[in-house]
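Q: Please take a close look at one part of this structure. Start with a strand pairing and follow its links from there.

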Amino acid sequence: MRKIGFHGPPSCTWVPVAVRHSDPHPSNQPLTHALSGANPETVTLNVPDRLIRADQLAESAQIRVRVMDGPISRQDGRVTRTIEDLFPPFGVTITCGPLSMRPLRESDAPGFEDAVRTHGIYDDGRVMPFLTPWADAGDRIGVNLLQRLLWSNWATFSPDQWQLPFRVEFEGRFVGVQDVFTRTPFLATRTLETGSWLLRPEQGRGTGTLMRQAVCAFAFDDLGAERMASGAFLGNESSLGVSRKVGYVPNGVHRLPQPDGEGWREELQLLLTPDAFVRPSDPVVCTGVDAFRRFIGLDAESDAPS
Ligand SMILES: CC(C)(COP(=O)(O)OP(=O)(O)OC[C@H]1O[C@@H](n2cnc3c(N)ncnc32)[C@H](O)[C@@H]1OP(=O)(O)O)[C@@H](O)C(=O)NCCC(=O)NCCS
């Protein structure tokens with residue numbers, strides 16, 4: 001979090017905040033709940049870096065933020081902690097050149113469903129990349145996202161078992177999801193696994209490679225991972241192509257049972273170690289790392305959930 005001070009007219013209840021209109025980060029809501037100033041002349045915003053940058057504050061003063069003037073928490077009259085403070089996985093962001101990633105949130109569900117229904121993810125003629133054709137679920141896509149990926153995962157998030165699905169933007173537009181998760185307790189094995197997909201029009205342009213590189217850099221550099229695992233069904237050339245380009249080596253073939261219990265499919269396992277990692281040309285910048293490390297039990301003064 002970066003603290004930004006700015007000045008507003010004396011005794012006003014509305015203070016102009018300078019934010020570029022074209023800024024891709026969408027809503028004013030994080031600003032209103034992040035507002036923590038007591039004196040309307042000098043207000044301090046606690047703003048996550050990814051939402052607003054200091055240089056943007058120098059631009060036009062078009063957006064107005066209400067100064068909260070009544071006591072809204074019993075303790076000191078101010079709410080000073082954000083949802084990202086309470087639940088640090090929400091505070092992790094990764095950027096790499098034109099790519100930016102932040103954890104999927106429940107408010108993403110409607111846009112997510114719309115994009116998947118409009119563009120699709122897989123083609124009939126190609127190898128089905130998933131065990132279940134979840135992108136064909138129509139009206140259920142959004143609620144499945146909420147119940148199966150987000151709510152269930154947040155409720156059980158612990159150092160032994162966690163999952164962080166990132167919403168990926170390329171030059172500000174939603175393009176897909178990059179997931180990173182534990183298959184085994186990370187503190188013991190230092191191994192993480194990834195999964196990813198892109199909307200159909202976004203495929204085949206190098207974005208899948210870039211987002212895998214970015215999440216692997218986060219895992220190796222910020223979390224101290226020693227191995228990254230991945231898997232793709234035999235014949236899924238685009239996924240295997242990403243793994244090859246990023247430096248993974250084959251690590252055996254598994255049989256996965258079909259969900260209907262009728263037979264199995266073969267998945268190629270892949271493994272990446274730091275020495276073999278092919279990094280992206282742009283630097284990978286992550287925020288929210290310290291709090292996230294503590295939350296998953298990596299640092300001594302851990303506030304990990306049990
Ligand atoms: C898998 C996926 C994320 C890869 O992302 P992408 O942006 O399409 O892949 P990239 O453009 O970065 O390509 C990576 C490499 O694979 C190759 N590749 C991509 N699509 C290919 C295809 N259909 N056939 C053969 N090779 C392909 C590329 O040529 C590239 O190698 P190169 O640069 O040496 O030519 C994306 O294609 C996707 O979402 N597919 C559907 C869902 C899916 O399969 N998810 C993974 C489940 S394991």
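**A hairpin and its links**

A: Strands E7 (residues 163–170) and E8 (residues 173–181) pair in the antiparallel sense over eight bridges. (Strands pair if DSSP finds at least two bridges between them; strands, of at least two residues, and helices, H or I of at least four, are DSSP runs numbered from the N terminus.) This is a predicted model: local features need pLDDT of at least 70, side-chain atom pairs count only at pLDDT 80 or more, and totals for chains, interfaces and linings use all residues. Residues are numbered from 1 along each chain as its sequence is written.

Pro165 stands opposite Asp179 in E8. E7 and E8 form a hairpin with two residues between them. In the turn, Glu171 has a positive phi of about 50 degrees.

E7 also pairs with strand E6 (residues 99–103), again in the antiparallel sense, over five bridges. Here Leu99 has Phe170 in E7 as its bridge partner.

Leu99 leads on to Ala214. Leaving out residues up to four places away in sequence, Ala214 touches Leu99, Ile94, Cys96, Met101, Pro280 and Val284 (contact: C-beta atoms, placed from the backbone, within 7 Å).

Ala214 also belongs to the largest nonpolar core, which has 42 residues. (A core is a set of buried Ala, Val, Leu, Ile, Met, Phe, Trp, Tyr and Cys residues joined through C-beta atoms within 7 Å; buried means 20 or more other C-beta atoms within 10 Å.) Helix H6 (residues 207–223) gives the largest share of this core, nine residues. Ala214 is among the residues with the most contacts inside the core, along with Ile94, Val215, Cys216 and Ala219.

Key: Buried ≥ 20, exposed ≤ 12 C-beta atoms within 10 Å, placed from the backbone. Contact = placed C-beta atoms within 7 Å.
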